[in-house]
Amino acid sequence: MLKGLRNIVTKEVKELVRDPRILLGIIIAPLLIFPLMGFMIRTSQEAAVESIRNISVGVIDLDQGVFAQNLTDTLRLYGNFRVEELAASGIDEVAGEVQNSNLTAVIVMPSGFSQNLTNGERAELKVYGVFRGGGVAESGAFAAVNSVLQLFEETLTKQRLLDASLDPAAVLEPIDVSARSIVRGEPTNINPDTLFALAMSQFFGFPFSIMLLIILAMQLASTSVASEKEEKTLETLLSLPISRFTILVGKLMGSVIVAAVGAVATIVGVVYYVGSFSFGTTAQIPVDLTQIGLSPGLLGYALLGVSLFVSLLSALALAVVVSVFAEDVRGAQSLLGFLYLPLFLPMLALLFTDINALPLAVRIVLLAIPFTHPMLAARAMLTGEYFTAIWGIAYVSIFTLAVLYAAARIFATEKILTAKISLGKKRPRED
Amino acid sequence: MVHAVEVDRLEKRFKEIVALDGLTFRVEEGTIFGLIGPNGAGKTTTLRIISTLISPTSGSARVFGHDVVTEASETRKLITYLPEDAGAYKNLSGREYLQFMGRFGSQSEKDLDDMVEDASKISGLGERLRDKVKTYSKGMKRRLLVARALMNKPKLAVLDEPTSGLDVLHAYHVRGIIKQYVKDEGVTVLLSSHNMLEVEHLCDRVALINKGKIVAEGTPAELKTKHKATNLEEVFAQVAGLA
């Protein structure tokens with residue numbers, strides 16, 4: 001049995017890996033596409049950062065007072081901008097010229113600007129952002145100019161409050177809000193926003209990766225069965241002195257192995273892609289997960305692994321059962337499309353909400369879908385509710401055994417050769 | 001006495017279509033038995049039942065005493081089956097394909113090497129066995145598959161249209177190999193063909209099938225004498241009511 005199984009698995013892996021469609025689509029493409037996307041995004045980000053470093057601002061100083069000079073100095077010193085003083089009586093005179101220059105914005109300080117501020121009144125300031133088609137670099141540069149203007153305004157506000165013998169902090173932020181979290185029944189010093197951001201990054205990553213792995217494996221298992229029919233090799237294989245169950249298990253194992261390689265290729269690609277962004281990574285959140293009990297323990301990882309494995313098996317067995325009814329690889333892939341819906345449903349649902357927050361009927365439907373459970377197990381890893389994961393594993397195992405039994409039954413009978421989903425055509429008579 | 005194949009009142013229905021209608025015949029060990037008849041006569045269905053791929057609706061088939069339904073795994077150890085339109089794994093090389101198939105019946109690596117060596121001679125593919133199957137012509141693929149079916153010297157080789165897709169020279173070569181394996185290795189061959197002239201030269205005994213029934217059986221010489229015909233084609237035309 002073992003010799004035969006090894007022989008089948010080796011053949012399956014060779015056949016799958018050497019199939020250009022699989023090699024290209026499942027292993028090479030993720031390794032190329034994701035890093036390439038990341039490279040493009042990183043390059044544009046670097047270009048944006050570079051353009052923010054070299055901001056030029058035009059100034060039309062119609063005031064010539066002390067505050068106008070202060071503002072110009074602030075732009076130079078704090079913003080590190082190149083300030084170009086424009087000799088004009090208004091924006092209309094230079095607008096055309098500015099459009100064709102490299103200026104990010106033009107600040108017009110009208111006459112009386114300093115006088116109004118000295119008198120403790122509101123002063124008017126006009127800021128013209130130069131629109132050249134938008135984009136991250138352009139909007140980032142304008143935001144940088146705005147933030148320096150806000151800094152200047154804040155300094156003036158604080159100075160006015162000090163002049164009126166008031167504490168600027170007490171006036172500007174009269175309530176000191178301190179946001180903390182309760183985790184697993186224990187109060188911690190961590191801001192809930194930080195934890196939510198962390199959880200989001202985990203919850204998005206897990207269901208996405210799990211779904212990807214399952215889809216890959218299903219496609220492989222289905223190709224493996226359907227190509228035997230398409231290439232007319234199935235009859236010879238079934239007449240060999242080896243049990244049909246061994247053939248089934250061999251096909252499942254071959255698919256799991258190649259899917260795992262594909263998943264690793266995809267994850268490597270995605271990690272590089274995600275790492276290309278300079279924002280939103282968990283590394284920027286200074287939280288020690290172990291200290292607050294949110295780091296998954298060995299049991300958590302083990303449960304997730306088992307949950308993932310049994311779900312994967314159920315997906316493969318389902319794919320095999322479905323593929324038996326197809327006449328060729330294309331037909332099998334079409335039939336497989338029906339299985340993608342139950343795969344997407346739990347991912348979408350669990351991405352936005354907790355399963356317990358859903359109506360009972362929806363919850364039952366989701367829990368009946370085996371692919372929901374590894375996603376719940378991934379969440380249980382963080383929350384420590386291991387019972388959810390164990391219950392899920394038990395359910396999916398029973399489900400998988402039932403589907404495997406059905407697959408084995410089909411493999412053991414002539415149905416594997418004769419079963420077809422009728423699409424309106426009559427089956428030709430056998431010779 | 002145990003026959004290589006014993007088929008008794010075999011019936012197979014696919015819904016309303018009757019593919020086999022009470023087929024009965026015996027094949028002696030170490031002989032070549034040919035099932036001949038036009039397309040749709042029931043030849044492939046008979047061979048598929050004997051090869052344990054499909055079950056009969058009623059009746060029985062035995063291979064060296066083993067019932068093909070209740071003792072399917074025992075039967076599979078004794079046979080090799082070559083389907084008419086069979087393919088080979090296109091991403092494996094010819095040699096890898098033979099090794100994959102050979103491993104199920106070989107006792108050791110030496111045994112496997114001998115099998116592959118034999119297959120190389122039968123197929124005449126030589127160095128081309130290193131190439132992937134997808135680069136083979138239809139004829140080369142067929143030669144590879146015939147070689148696969150004979151290389152492990154099975155007790156019974158079930159060959160559905162063995163020379164289908166081969167040119168005259170290669171068909172002649174394959175027929176010679178089949179005869180040699182029966183003579184030298186004691187292999188029993190049950191084959192089907194709609195080429196009655198080919199069967200006449202190859203088979204020790206033939207059964208003419210039409211519409212799921214055997215309409216005549218005997219040695220080619222007996223049949224020709226009985227029906228006063230010069231070849232099996234004429235015999236078939238007479239028994240099928242065409243002449």
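**Notebook: a two-chain predicted model**

I began with helix α6 of chain B, residues 168-185: at 1.5 Å a residue its 18 residues should span 26 Å, and its end C-alpha atoms are 25 Å apart, which agrees. The expected span is 1.5 Å times one less than the number of residues. Helices here are DSSP runs of H or I with at least four residues, strands are runs of E with at least two, and both are numbered from the N terminus.

I noted the ground rules next. This is a predicted model, in which local features need pLDDT of at least 70, side-chain atom pairs count only at pLDDT 80 or more, and totals for chains, interfaces and linings use all residues. Residues are numbered from 1 along each chain as its sequence is written, while chains are lettered from A and ligands numbered from 1 in the order in which they are written.

**Entry: around α6(B)**

I looked up which residues of α6(B) are buried. They are V174(B), I177(B), I178(B) and Y181(B). A residue counts as buried if 20 or more other C-beta atoms lie within 10 Å of its own, as exposed if 12 or fewer do, and as partly exposed in between; C-beta atoms are placed from the backbone. Seen down the axis of α6(B), the buried residues fall within an arc of 100°, so they line one face of the helix. The arc is taken from the directions from the helix axis to the C-beta atoms.

I then turned to the face away from the buried side. It carries the exposed residues V168(B), L169(B), G176(B), K183(B) and D184(B). What covers the buried residues? I found β3 (32-36), α4 (109-123), α5, β8 (188-193) and α7 (196-202) of chain B among the cover. Just after the helix, G186(B) takes a positive phi of about 75°.

Most residues other than glycine have a negative phi. I noted two residues with a positive one. K15(B) has a phi of about 55° and is not a glycine. Its place is the loop between β1 (5-14) and β2 (17-27) of chain B. K15(B) is exposed, with 6 other C-beta atoms within 10 Å.

E161(B) has a positive phi near 50° and is also not a glycine. It lies in the loop between β7 (156-160) and α6 of chain B. Is E161(B) buried or exposed? E161(B) is buried, with 23 other C-beta atoms within 10 Å.

**Entry: the cores**

I looked up the largest nonpolar core, which has 76 residues. Such a core is a set of buried Ala, Val, Leu, Ile, Met, Phe, Trp, Tyr and Cys residues joined through C-beta atoms within 7 Å. I50(B), L150(B), V158(B), L190(B) and L208(B) touch the most other members. Helix α5 (residues 138-151) of chain B gives the most to this core, with eight residues. A second, separate core of 65 residues includes V256(A), A317(A), V396(A) and L404(A).

Leaving aside neighbours within four places in sequence, V158(B) is in contact with L47(B), I50(B), S51(B), I79(B), Y81(B), L82(B) and L190(B). Contact means that the C-beta atoms of two residues, placed from the backbone, lie within 7 Å.

**Entry: chain A**

Chain A has 16 helices and six strands. Buried residues make up 32% of its 431 residues. Chain A is divided into domain 1 (2-39 + 192-418) and domain 2 (48-172), with bounds from an automatic or database domain assignment. The centres of the two domains, taken over C-alpha atoms, are 55 Å apart.

I picked out I55(A), in the loop between α2 (20-53) and β1 (56-61) of chain A. I55(A) is buried, with 22 other C-beta atoms within 10 Å. Beyond four places in sequence, its contacts are G79(A), F81(A), T104(A), A141(A), A144(A) and V145(A).

A137(A) is found in helix α6 (residues 136-163) of chain A. A137(A) is partly exposed, with 18 other C-beta atoms within 10 Å. Beyond four places in sequence, A137(A) is in contact with A47(A), A48(A) and S51(A).

**Entry: where the chains meet**

I looked up the contacts between the chains last. 23 residues of chain A are in contact with 32 residues of chain B. On the side of chain A that touches chain B, α1 (2-18) and α9 (234-238) each supply at least two residues. The largest share, six residues, comes from α1(A). The residues on this side of chain A divide into five nonpolar, six polar and twelve charged. Ala, Val, Leu, Ile, Met, Phe, Trp, Tyr, Cys and Pro count as nonpolar, Asp, Glu, Lys and Arg as charged, and the others, Gly among them, as polar.
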